[in-house]
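Could you walk me through this model, bit by bit? I'd like to learn how to read its ligand sites and chain contacts.

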Amino acid sequence: MSDPLLKISDLSISLPKSDGTRLFAVRELNLTVRRGQIAGLAGESGSGKSLTSMALMGLLPDTARVSGTVALNGRDVLSMSRRETTAVRGRQIAMIFQDPMTALHPMLSIGRQMTEHYRRHFRASQSVANARAEEMLDLVRIPDPRTAMKRSPHEFSGGMRQRIAIAMALCCEPALIIADEPTTALDVTVQAGILRLFERLRQELDLSVLLITHDLGVMSAVADEVSVMYAGRIVESGARADVLTRPRHPYTHGLLGALPDGAAGGGGMQPIPGLPPSLETHPPGCAFHPRCPFSTETCKTTAPPLVRIGPNRRIACTPDPLAERETA
Amino acid sequence: MMSTLKSGWYRLPGLLRYALQRLAVGALLCVGVTFISFGLTQVVPGDPVAANLGERAAADPEIVALYRERYGLDRSLPEQYGRYLFRLLQGDLGESQQTHRPVAADLAQYMSATLELAIVAMILAMAAGVSLGLIAAVWRNRWPDQLIRVVSLAGVSVPTFWLALVCLYVFFFVLNLSPGVGRLGPGTPAPPVVTGLFTLDALLTGQWSTLREALAYIALPALVLATYTTGIVTRFTRAAMLDALGNEYVRAARAKGLPAHTVILRHALRPALAAIITVSGMAFGRMLAGAVLVESVYSWPGLGLYAYRSALTLDLQAIMGVSLVIAVIYILVNLAVDILYAVIDPRIRY
Amino acid sequence: MSDAIANPHKAGRRLRSEWMQPLGLIGAAILIAFAVVALLAPLIAPYDPLAQDGGRLMPPSAEHWFGTDQLGRDIFSRVLHGARLSLPYALQLVVMAGILGTLLGAIAGFFGGWVDSVIMRLADLVLAFPDIILAMAVVAALGPGLFNAVLAVVIVSWPIYARVARSMILTLRQEPYVLSRRLLGASSLRTLWSEVRPNITGPLVVLVALEYGHAVLILSGLSFLGLGAQPPAAEWGAMVSEGAKYFDKWWMSVFPGLAILLVVMAANFLGDTLRDVIDPRSRKHL
Amino acid sequence: QETLVVDATFQLKTADPARAFEPTASLVLHPVYETLVTFDGSDVTQVVPLLASVPEISEDFKTFTFTLTPGATFSDGSPVEVSDVVFSLERARDLKGSPSYLMNGVSVAAGEAEGTIVLTTEEPDPALPFKLTNLALGILNAEVLQENGGTATPEDGAETYLSGTSIGSGPYTLTKFDTSSEVILTANENYWGEAPVFDRIVVRNVNSNAQQMNVARGASQIALALRPDQVTSIADSVNVISVPAADMGFLFLNGNPEISELSTNADLREAIRYGIDYTGIIDFIGEGAVQPAGIIPTMIEGSLPLDGVPVQDLDRAMAALDRSGITDPTLTLSYAADIAKYGIAFADIAAKIQSDLAEIGISVELNPESVQANLDNYRGGTLEMSVQWWGGTPHPSNSLPFTSGQLVGLRAGWAEGGSPELEELAAKAEVAADAETRIALYQEWQTVLNEVGPFIPLFQPPVTLVGSTTIEPLEYNPMWTVDLGDVRLAD
Amino acid sequence: MSLLEMRNVEVSYPGARGLPVRAVAGIDLTIQAGRVTALVGESGCGKSSLGKAAVGLLAPSAGSIRFEGEPVLPLDRGARPARLRALQMVFQDPYSSLNPRRRIGEQVADGVRAGTDRGGDVDRKVAEVLERVGLPAGIATRYPHEFSGGQRQRIAIARALAAKPRCIVADEPISALDASAQASVARLLADLVKDTGMGMLFISHDLSIVRRIADDIAVMYLGKLAEQGEPDDLWRAPRHPYTRGLVHAIPRADGAGRLPDDLPGDVANPASPPSGCRFHPRCPIAQDICTRTDPPVVTDPQGRRAACHFPLDAAAPADAGQV
Ligand SMILES: Nc1ncnc2c1ncn2[C@@H]1O[C@H](COP(=O)(O)OP(=O)(O)OP(=O)(O)O)[C@@H](O)[C@H]1O
Ligand SMILES: Nc1ncnc2c1ncn2[C@@H]1O[C@H](COP(=O)(O)OP(=O)(O)OP(=O)(O)O)[C@@H](O)[C@H]1O
Ligand SMILES: [Mg+2]
Ligand SMILES: [Mg+2]
């Protein structure tokens with residue numbers, strides 16, 4: 001198997017807190033995205049998903065400190081010069097944001113926004129860039145791309161805007177697309193359309209996507225592999241079907257159990273006891289232990305490492321209480 | 001810019017409708033302003049006769065009666081006001097008791113002096129304020145930001161009238177860098193009237209030496225007048241830029257690999273500009289009113305001085321004229337600001 | 001709404017940390033110093049501010065630190081005594097304008113309809129009216145004097161408070177917690193008092209702090225024009241105005257002007273820091 | 001091209017002589033409109049011929065006959081004729097402008113002889129020739145004036161016309177007239193007298209600070225509004241003259257018991273009169289100021305010799321206060337706060353008086369008012385104590401309104417009959433034909449006024465004229481300050 | 001007995017050029033005691049507007065709303081009449097639902113004082129009701145910012161509950177919460193309805209959750225009722241093509257990798273609703289008549305209501321309903 005397109009190793013991100021100490025919002029994160037695959041990164045609000053994506057783009061706030069490596073096609077993105085990162089951004093890695101209402105500049109025409117980075121990255125003329133943009137708009141099924149280019153974002157509905165944002169990301173033929181909650185702000189019927197678009201693009205363009213979402217349903221629909229984050233760490237990763245139907249980490253298990261469909265056994269709608277970890281104070285040991293029905297004394301003191309438990313499958317849980325059921 | 005201008009242009013009917021609506025409300029506001037200024041002049045104790053006639057003349061009942069008749073002071077208050085409004089509709093602002101000239105002519109003359117001062121000051125303030133604010137926002141919380149913060153706070157704190165004096169003392173008296181007070185040197189004839197603004201008129205008619213002189217004379221008062229506004233614009237620009245820089249679309253622009261200066265100048269400055277324009281509209285109004293302090297120090301023959309003298313001499317028609325003209329400028333500037341806003345931001349529809 | 005409204009306690013914590021910000025501290029220190037000077041002026045001033053026995057128009061010397069004026073009065077003592085006028089009158093001004101404006105804004109926001117229209121159009125009118133003329137006319141009507149100048153400026157400066165108060169009330173009225181309270185049977189007035197009021201005092205206090213410096217400026221400006229404090233009162237603006245006549249005797253206007261600058265700057269430093277701490281978003285309104 | 005630049009502080013409203021009453025108008029229009037008779041330089045004790053001869057005056061001081069100077073022409077070249085004079089003077093009288101009082105009761109007619117004009121008054125008026133030096137009675141080209149709306153009635157509509165051009169016979173003509181910034185005069189090439197020296201005269205409205213700079217740097221040749229203290233630093237490089245003005249700053253204590261018990265109390269008045277530090281006030285005002293002994297300004301005939309001025313005498317003041325039996329009196333001193341004349345703010349004078357009187361135990365509350373409010377109250381006679389100005393024609397009769405029952409007397413609450421002796425003296429002095437008798441009468445009138453009147457003359461302000469050494473002469477005349485038409489280059 | 005009854009309710013907002021925007025364009029809905037009635041629909045379809053009108057926060061522009069047989073009076077400046085205080089509302093945003101400057105206890109006590117039995121110890125009642133929503137009584141002295149979103153939502157529910165309501169309108173009470181908190185709050189509400197016998201209008205855009213807790217579901221599209229029925233019926237055999245589209249569009253976390261079905265287009269703007277059936281531009285089975293005539297709401301013998309010219313065959317189960 002060839003090298004993965006993107007390989008994140010031991011990525012940690014810390015941010016200053018108001019009391020002067022630092023908050024480790026992402027810890028020792030390991031993740032790979034293979035070519036032509038959609039890799040999902042799931043986790044609840046505040047678990048560090050967006051920070052991870054910002055780190056990939058080099059867009060973290062100045063106050064953030066990063067360690068680890070992020071290899072894109074074998075080159076470490078984190079150690080690049082500012083010039084190099086600017087050249088990578090938008091060209092090698094493109095990004096799609098959560099809210100299409102706010103991610104498009106309200107005062108610039110669609111055409112302008114779709115071509116400015118293309119012209120820069122390819123040193124292309126406006127007309128070449130226009131042609132490219134129209135092609136991309138057509139690809140994402142925006143009717144009448146030529147006139148659409150002249151219009152402002154507010155003249156489009158939410159779903160259309162997200163399509164435009166996707167087309168914009170595709171303009172420079174990036175190797176990787178990071179989509180941070182691309183459908184969260186949309187209605188389900190519209191979301192379905194966007195998910196289908198992703199799937200089609202993957203097939204037509206052999207797209208590699210890092211899909212970030214908190215919605216396991218969305219994960220299930222399009223992701224090939226799923227990683228689940230909790231409090232800044234990846235707690236479980238593996239192929240989509242494995243993780244979603246046979247979760248091995250108690251958190252993933254609990255999360256699935258809380259969903260109304262109750263796919264992973266139980267009647268569904270079973271809340272995980274306790275509270276989500278507070279942003280400021282991570283508990284020592286395994287961050288999930290206060291809520292975990294299986295926690296042991298060691299869980300309270302030592303954070304379990306992410307270990308491989310099968311081909312392409314890892315969990316960060318030392319007791320691994322769900323393993324028996326797996327084998328059973 | 002072109003495209004937004006154009007799309008703004010295409011929506012003109014709506015805009016026009018809006019503008020007309022605003023102008024109608026503005027006209028009502030103007031009537032209100034004349035009403036208030038009329039009322040004010042009535043509650044002011046003292047008699048314009050006393051202020052405008054000589055010692056002996058004021059003791060002569062015949063002269064006083066004639067004087068009252070001439071300025072309509074012998075009529076009942078509602079009648080005086082009604083006549084004023086009626087003449088106003090015909091564009092007649094009455095006659096100043098102080099200069100014995102039509103108020104409209106006085107205003108045209110004094111206003112152009114003030115407008116010139118205020119416009120030059122505004123240009124200075126905008127140029128300096130927007131650049132400083134931009135730098136502060138980009139270098140947020142680092143030393144340039146802190147420095148600019150102190151400077152801009154000092155700018156809004158310094159008493160204009162005092163700064164005017166100190167600058168005059170330093171640049172004129174001590175350093176002899178400024179040619180002094182007034183609009184032009186003695187004996188330099190004013191350029192032919194095109195707009196009434198000496199600098200612009202000199203430029204338009206190609207009188208270069210007059211232009212140089214006019215610029216030399218306006219520099220100091222304009223700088224002084226610009227200080228406060230520069231502070232305001234700086235702080236506003238900073239805030240608006242920070243706001244804009246925090247937007248998702250700015251992050252999106254950076255994520256597209258656009259260089260920092262493009263992101264700042266094209267993506268962030270533009271929405272910030274909308275806010276800056278609003279505040280500069282307000283600041284312009286304040287500047288007109290604040291000009292009276294600068295004008296009094298620099299013998300600048302402007303509206304402020306005119307207003308001040310009219311108030312002192314209870315020159316009724318002149319006071320009402322000044323109030324009216326400032327209100328009209330205020331209304332027009334605000335309207336212009338709103339329209340500009342709509343041109344910049346395609347989301348705004350009227 | 002602003003962070004502070006969502007989380008007053010966070011604001012409290014921020015207050016403590018940002019309180020340490022040098023600017024806010026410097027501002028507070030200067031203001032306190034001036035307040036002390038104002039209180040103790042008769043004790044610490046070396047001369048009677050009205051005594052005309054210092055020799056006229058003397059430049060600064062060991063005897064008269066800031067020199068003397070055209071009547072031989074000690075400028076240093078006069079500047080010290082000036083704090084007794086500028087500080088309290090400006091406070092009076094912002095408090096009166098703040099109360100009047102907030103009240104009118106609250107009434108407009110609360111009653112809505114034509115009451116709202118009338119009040120807000122009135123505010124528009126005042127804003128469109130050249131304030132210096134209005135102030136001059138009011139002063140002319142009431143006679144020159146510092147308190148009359150205060151009244152005049154109150155009349156021209158209430159709209160800013162009214163606008164802020166009204167817009168905050170209109171926004172807060174739609175907040176779910178206010179609606180909930182209404183559904184639980186509290187009258188509109190009652191919710192206004194118990195739910196809305198606590199949430200607008202912070203921003204209004206910030207506004208008052210920010211306007212304080214402006215008040216000092218405008219009052220001294222009116223005095224400079226001869227419309228505020230009257231000689232022989234030792235008011236800074238009036239002193240600058242006297243100094244303006246004796247142009248080459250720079251010390252006559254420089255020192256009182258510096259006093260104004262210092263106080264206003266201190267107030268702005270403090271207001272600015274307070275705003276950042278209590279109500280970071282309000283910079284949009286102000 | 002020679003330009004004379006003059007810096008003044010403007011008090012200017014109109015370019016129509018018949019309406020002009022402000023000092024700056026006299027300054028700038030004096031070289032434009034000539035009068036029948038005038039003064040020579042700074043000597044205001046006698047009139048000299050200009051457009052007409054010195055008048056022949058009838059015994060009863062009621063008929064004045066002038067003979068036109070032959071050869072005088074207006075700036076357009078047309079001759080100055082009797083009809084111009086008659087129309088101009090009648091217009092000045094009937095227009096009912098501020099200066100119309102000068103011609104009150106005077107009728108004008110062409111004389112029987114060719115080129116003569118006869119002025120007749122109802123009452124004897126020895127001051128009439130002096131009044132005729134006033135710019136307001138300058139002669140205009142009647143024909144042109146009438147063509148442009150000029151009439152000898154209040155409906156006259158020529159004012160606007162006159163602010164754009166001039167139709168006088170003086171050495172300069174008006175090119176620009178702006179009441180707030182500057183007035184520009186241009187040489188009248190057709191001048192019938194000696195040709196004007198300068199091509200242009202620019203009179204600018206400039207505050208005293210800038211004037212100081214300008215004249216020191218040669219940016220202007222004449223500065224008219226400098227205070228004595230400003231002059232000292234530049235005195236080496238310029239010519240300075242500093243003389244008392246003909247204006248009088250005085251204090252009055254209201255004589256109407258209904259207005260105040262205190263200000264009418266004779267003992268208290270005496271206490272105040274001797275409690276004031278006159279020399280301090282003169283010192284404060286500066287070099288050139290004088291303390292007059294009576295109400296008639298020093299340079300005018302009939303003024304009292306300066307050795308009789310009251311001086312501060314604290315013992316006498318305290319004694320008087322004791323005698324009055326009033327303890328801790330508090331009087332209110334009102335003044336116009338928002339104007340300064342000759343660079344003197346009444347606020348400073350008031351503060352000075354307040355601090356002087358505090359020393360003898362009289363407290364004074366200062367009541368600053370706006371000019372018009374103060375004027376209103378002053379004219380209404382309701383002020384308890386006030387400082388005011390008085391000025392006008394440089395003739396002793398100009399001060400007679402201080403008599404009880406007269407204009408100023410009434411303002412000080414001093415009704416007719418307040419001092420019959422004084423009233424009688426005033427009546428006699430006004431018509432005294434013989435100079436010596438006249439002077440004696442006026443001096444006696446003042447002595448009585450000082451004794452019984454409510455007025456305390458405080459000071460005549462100094463007029464400080466600063467001129468560049470390149471020009472001459474620099475002479476002060478109370479009517480027009482400086483005769484700009486007469487200024488020439490020094491050699 | 002019908003507790004809250006809405007008849008032909010319309011809600012309009014002033015729109016551009018003075019034309020009113022009908023956010024709710026005539027809806028009949030009845031809330032029964034002891035039952036959870038859910039109202040689902042996409043964003044902007046008028047759910048909140050209807051909910052607000054139901055409790056009197058908005059005045060409907062037409063139609064009638066009755067609570068226990070008496071009309072619901074829109075709020076004016078005075079206090080709400082006591083009988084209406086048994087009709088309460090829970091809002092979506094847990095952060096703005098509580099006044100940040102007042103203690104939890106005070107805010108819940110407002111509810112207690114509004115309730116019908118005012119006697120007794122307020123503090124004790126506050127403690128009781130807090131415990132009822134699963135929070136320790138000790139939190140009464142604390143401020144809202146100390147709590148997570150789920151906890152705040154519980155506090156807001158406690159406040160409403162303290163007023164002893166007989167009906168609660170809950171406007172998207174769980175959509176701002178994490179998955180786990182969603183489950184627990186939804187269950188809490190459902191339990192409360194079962195225990196107290198009150199009625200509830202549960203507004204949500206998430207059909208999959210609603211299906212688990214509601215007794216009755218009304219589906220709204222662009223201000224109008226599309227369909228109403230029992231959850232399982234609706235899920236398994238939707239009558240209205242929109243309901244079907246909605247059901248099929250929900251992605252399920254079953255790891256199967258099945259793509260949800262989309263509906264073409266976006267939800268239309270209520271300012272300019274399509275002619276005829278408001279759904280027709282997105283409807284896969286639309287015919288000519290749909291562009292012209294607005295279908296009436298028809299109630300079938302099983303009590304299901306649908307507004308479609310061509311209701312889907314009840315017999316043919318939709319293929320989404322496999323769970
Ligand atoms: N600029 C910042 N400064 C300080 N803390 C931050 C910053 N950005 C994010 N955080 C904190 O870092 C943590 C992770 O944030 P992140 O945005 O990555 O979460 P997320 O998983 O994307 O959540 P969501 O689903 O809400 O988007 C959170 O606790 C957040 O409060
Ligand atoms: N105050 C208002 N003024 C004008 N239009 C409004 C107002 N409130 C809502 N609307 C409009 O009415 C329509 C229905 O809004 P409503 O909030 O009831 O929808 P909703 O179904 O609750 O949506 P969401 O799921 O987003 O909460 C929307 O198009 C909205 O834009
Ligand atoms: Mg995120
Ligand atoms: Mg809603």
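What follows is a short chat about the ligands and the chains.

Q: Before we start, what kind of model is this?

A: This is a predicted model, where local features need pLDDT of at least 70, side-chain atom pairs count only at pLDDT 80 or more, and totals for chains, interfaces and linings use all residues. Residues are numbered from 1 along each chain as its sequence is written, chains are lettered from A and ligands numbered from 1 in the order in which they are written, and side-chain values use heavy atoms, with hydrogens and water left out.

Q: How many residues surround ligand 1?

A: A residue is near a molecule if one of its heavy atoms lies within 4 Å of it. Here 13 residues surround ligand 1, and the closest are Ser45(A), Gly46(A), Lys49(A), Ser50(A) and Leu51(A).

Q: Which helix gives the most to the shell around ligand 1?

A: Helices are DSSP runs (H or I, at least four residues), numbered from the N terminus. In chain A, helix 1 (residues 49–57) gives the most, with three residues.

Q: What polar contacts does ligand 1 make?

A: Look for a pair of N or O atoms within 3.5 Å. A polar side-chain atom of Lys49(A) sits 2.9 Å from an oxygen atom of ligand 1, and one of Glu181(A) is 3.4 Å from a ligand oxygen. Ser47(A) uses a polar backbone atom instead, 3.2 Å from an oxygen of ligand 1. Taken alone, ligand 1 exposes 630 Å², and the protein buries 66% of that (areas by the Shrake-Rupley method with a 1.4 Å probe).

Q: Which residues are around ligand 2?

A: That shell belongs to chain E, and includes Tyr13(E), Ala23(E), Lys47(E) and Pro270(E). Helix 1 (residues 47–55) of chain E gives the most, with three residues.

Q: Which side chains put an N or O atom by an oxygen atom of ligand 2?

A: Ser48(E) does, at 2.5 Å, and so does Glu172(E), with a polar side-chain atom at 3.2 Å. A backbone N or O atom of Cys45(E) lies 3.3 Å from an oxygen of ligand 2. Alone, ligand 2 exposes 630 Å², of which the protein buries 60%.

Q: And the chains: which pair has the most contacts?

A: Contact means heavy atoms within 4.5 Å. Seven pairs of chains touch, and chains B and C have the most contacts among them. Chains A and C share no contact, with their closest C-alpha atoms 8 Å apart. No contact joins chains A and D either; there the closest C-alpha atoms lie 48 Å apart.

Technical notes:
A polar contact is a pair of N or O atoms within 3.5 Å; within protein, one must be able to donate a hydrogen and the other to accept it, and residues adjacent in sequence count only if both atoms are side-chain atoms. Helices (H or I, at least four residues) and strands (E, at least two) are DSSP runs, numbered from the N terminus.
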